[in-house]
Amino acid sequence: MMKKIFNVFMIAAAGLFVATSCGSPKKMAESADLVSVTCNPQVLEVVAGNIKADVSVTFPEDFFHPKAVVEAVPVLVYNGGEKALQPVMLQGEDVTENYQTVPEAGATISKTFEFPYIEGVEKSHLELRMTVLHKGKRIPFTAPYKVADGANTTYMLVKTGGTLAYAPDAYQAVIPEQNEAQILYLINSATVRPSQLKTDEIKAFQDFLTALKSDERRELVSTDIVAYASPDGKEDFNAKLSERRAKTASDAFNKKINNKDIAIEANVKTTNVEEDWDGFQELVSNSSIEDKDLILRVLEMYSDPAVREREIKNMSQVYTVLKKDILPELRRARFIANVEFTNYSNDELIALVNDNIEILDEEALLRAGSLLEKAEQKVAVYQKAIEKFNSDRAKINLGVAYLTLNKNNEAANALAKVSDKSNAYYNNAAGVVELRKGNNDAAAAAFKKSSLKEAQYNLAVVDILNGKYADAAAKLNGAGSFNEALSDILTDDLAAASKVLGNAQCQCKNYLKAIIAARQGKADAAKAALEIASKNEALAKRAENDIEFAKIR
């Protein structure tokens with residue numbers, strides 16, 4: 001009885017083997033449904049111009065005939081064509097070719113396939129076509145395996161026009177000015193000599209004060225009277241001498257210089273400097289004294305006035321020259337008028353651009369250029385600044401204005417003439433030129449040389465194009481731009497992206513809103529946003545094939 005049961009069991013087992021084993025290469029092809037094929041990701045994505053798919057094929061036990069070869073061809077089928085990669089060759093255990101072996105016990109074979117972006121893959125799928133090769137015959141599997149859908153191209157929405165920045169001007173709305181004159185004293189004296197109040201220098205100073213009355217753009221805000229003692233002699237004596245000179249100089253200013261014909265009232269401040277070492281150093285530096293470098297080294301080495309004086313007097317021949325040519329010029333009092341000049345207003349600058357542009361200096365031209373709304377007008381002003389002053393900043397700004405007008409070749413020509421290639425504004429503009437040409441490496445190199453936040457935003461564009469989405473999101477944080485929202489979507493931070501987009505009504509930003517809503521499964525919100533976005537013909541056409549919206553169509 002036991003033997004009979006055993007025989008029945010063996011017959012059943014043999015039947016099961018026949019049912020599960022392919023038995024021949026032909027049956028392998030006919031039993032394609034026994035093979036399992038998976039892919040990561042299941043929805044393909046274009047990253048940096050490429051589509052990568054990790055495909056795994058699992059052959060069950062007793063499926064792969066030991067004398068068979070299987071040719072597996074990955075094919076991306078898209079709207080308008082297909083792209084096949086080189087086949088993967090697999091062999092049974094008895095085949096002597098140099099292919100990867102699949103044992104009869106079964107195995108999972110994993111491969112990574114990479115396709116270049118081709119227009120039309122937005123609506124596509126990846127399939128694996130397998131064929132059995134045996135004794136010169138090709139036996140195709142009953143059907144290809146659909147591996148994945150594709151392909152997501154959301155990153156290609158990135159705005160690559162670049163964020164532009166004009167080089168700033170140094171134009172001042174109010175310019176501080178000074179006009180001054182001085183009188184000289186005799187050695188150890190605080191008496192103001194009448195001749196000192198009749199010099200051409202004093203007369204010119206008085207004429208300046210008089211002219212201020214009728215000058216609508218200049219206002220006298222204060223006057224400084226500073227009296228000095230030369231740095232020779234005893235310190236305590238010089239301290240008292242400079243005080244007396246301050247008093248006599250103030251009296252002379254009030255009685256003789258600012259007389260009844262001038263009569264300008266201004267805050268007058270009187271001070272004194274005990275020993276004029278700063279003036280001494282300046283006069284020596286600007287002189288032709290033979291040993292002036294030695295004198296200047298003494299000033300640098302010693303800070304004590306007494307030590308300085310002693311060391312300089314030890315240079316007897318030099319000291320003789322100093323007593324004759326330098327020290328007498330330091331026994332003085334200075335009258336300094338502090339004036340504020342009110343520069344051209346914005347309206348005046350714009351009017352002068354049209355009526356009398358020639359009178360504007362470099363800074364005024366650069367400021368005027370910044371005030372003009374139309375890029376064409378800016379071009380004319382910057383060209384004038386280049387013509388008159390060979391201004392590097394104007395060359396940069398001319399390039400930026402051309403970029404605003406999408407005149408990329410003209411922009412490149414203007415920027416090529418900039419002499420300071422280390423300028424942050426130059427490098428940002430030069431990087432935008434390269435970015436628009438598609439020269440991403442050159443663009444990134446330029447942006448990295450610039451410290452501007454605009455350059456960081458532009459570098460983030462290169463990051464997106466290169467598939468470095470997290471890096472891009474970090475650089476764009478706080479920009480409040482379309483590209484910031486896009487980078488958040490690409491890093492799957494949909495909440496951050498929604499916050500950036502806010503209540504934006506433009507078509508491009510609504511396209512991003514539609515993507516966010518679709519990913520969140522909010523079909524109605526996605527369709528509402530798409531309705532706004534589709535007013536843009538290009539976006540409407542894109543949406544038809546965009547896999548982001550596959551689940552809401």
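# Reading pockets, cores and salt bridges

Colleague: The residues lining the second largest pocket divide into two nonpolar, four polar and six charged. What counts as a pocket?

Modeller: First, this is a predicted model, in which local features need pLDDT of at least 70 and side-chain atom pairs count only at pLDDT 80 or more, while totals for chains, interfaces and linings use all residues. Residues are numbered from 1 along each chain as its sequence is written, and side-chain values use heavy atoms, with hydrogens and water left out. A pocket is an open set of points, on a 1 Å grid over the protein atoms alone, where a 1.4 Å probe fits, with protein on both sides within 12 Å along at least five of seven lines; a lining residue has an atom within 4 Å of a point. In the division you quote, Ala, Val, Leu, Ile, Met, Phe, Trp, Tyr, Cys and Pro count as nonpolar, Asp, Glu, Lys and Arg as charged, and the others, Gly among them, as polar. The lining of this second pocket includes N79, Y117, E119, K123, R542 and D546.

Colleague: What volumes do the second largest pocket and the largest pocket have?

Modeller: A volume is the space filled by probe spheres set on the grid points, which are joined across faces, edges and corners. The second largest pocket comes to about 290 Å³, and the largest to about 560 Å³.

Colleague: Which residues lie nearest the centre of the largest pocket, and which helices and strands supply its lining?

Modeller: Helices (H or I, at least four residues) and strands (E, at least two) are DSSP runs, numbered from the N terminus. The largest pocket has 25 lining residues, with V43, N152, R519, I547 and E548 nearest its centre. At least two lining residues come from each of β2 (43-47), β11 (145-152), α18 (482-490) and α20 (507-519). The lining holds 10 nonpolar, five polar and 10 charged residues.

Colleague: How do I read a nonpolar core, and which members touch the most others in the largest one?

Modeller: In soluble globular proteins, nonpolar side chains tend to be buried together. A core is a set of buried Ala, Val, Leu, Ile, Met, Phe, Trp, Tyr and Cys residues joined through side-chain atoms within 4.5 Å. Buried means under 20% relative accessible area, exposed over 50%, and partly exposed in between (1.4 Å probe, protein chains only). The largest core here has 113 residues, and F59 and M130 touch the most other members. Helix α16 (residues 453-465) gives this core its largest share, eight residues. There is also a second, separate core of 24 residues, with I183, A227, A246 and A333 among them.

Colleague: Which residues does M130 touch?

Modeller: Contact means heavy atoms within 4.5 Å. Leaving aside residues up to four places away in sequence, M130 touches V35, V57, F59, V70, E71, A72, P140, F141 and Y145.

Colleague: How far apart in helix α12 are K395 and D392?

Modeller: K395 and D392 are three residues apart in helix α12 (residues 392-404), so about one helical turn separates them. Their closest N and O atoms are 3.9 Å apart. K395 is buried at 8%, and D392 is buried at 18%. Elsewhere, E82, E127 and R129 are linked in a network of salt bridges.

Colleague: Where are cis peptide bonds, and which residue has a positive phi of about 55°?

Modeller: Most residues other than glycine have a negative phi, and most peptide bonds are trans. A cis bond joins N40 and P41, with omega about 0°; P41 sits in the loop between β1 (36-40) and β2. Another cis bond joins G150 and A151, with omega about -10°; A151 is in strand β11. A48 is the residue with a positive phi of about 55°, and A48 lies in the loop between β2 and β3 (50-59). N390 has a positive phi near 50° and is exposed, at 51%.

Notes: A salt bridge is a side-chain nitrogen of Lys or Arg within 4 Å of a carboxyl oxygen of Asp or Glu.
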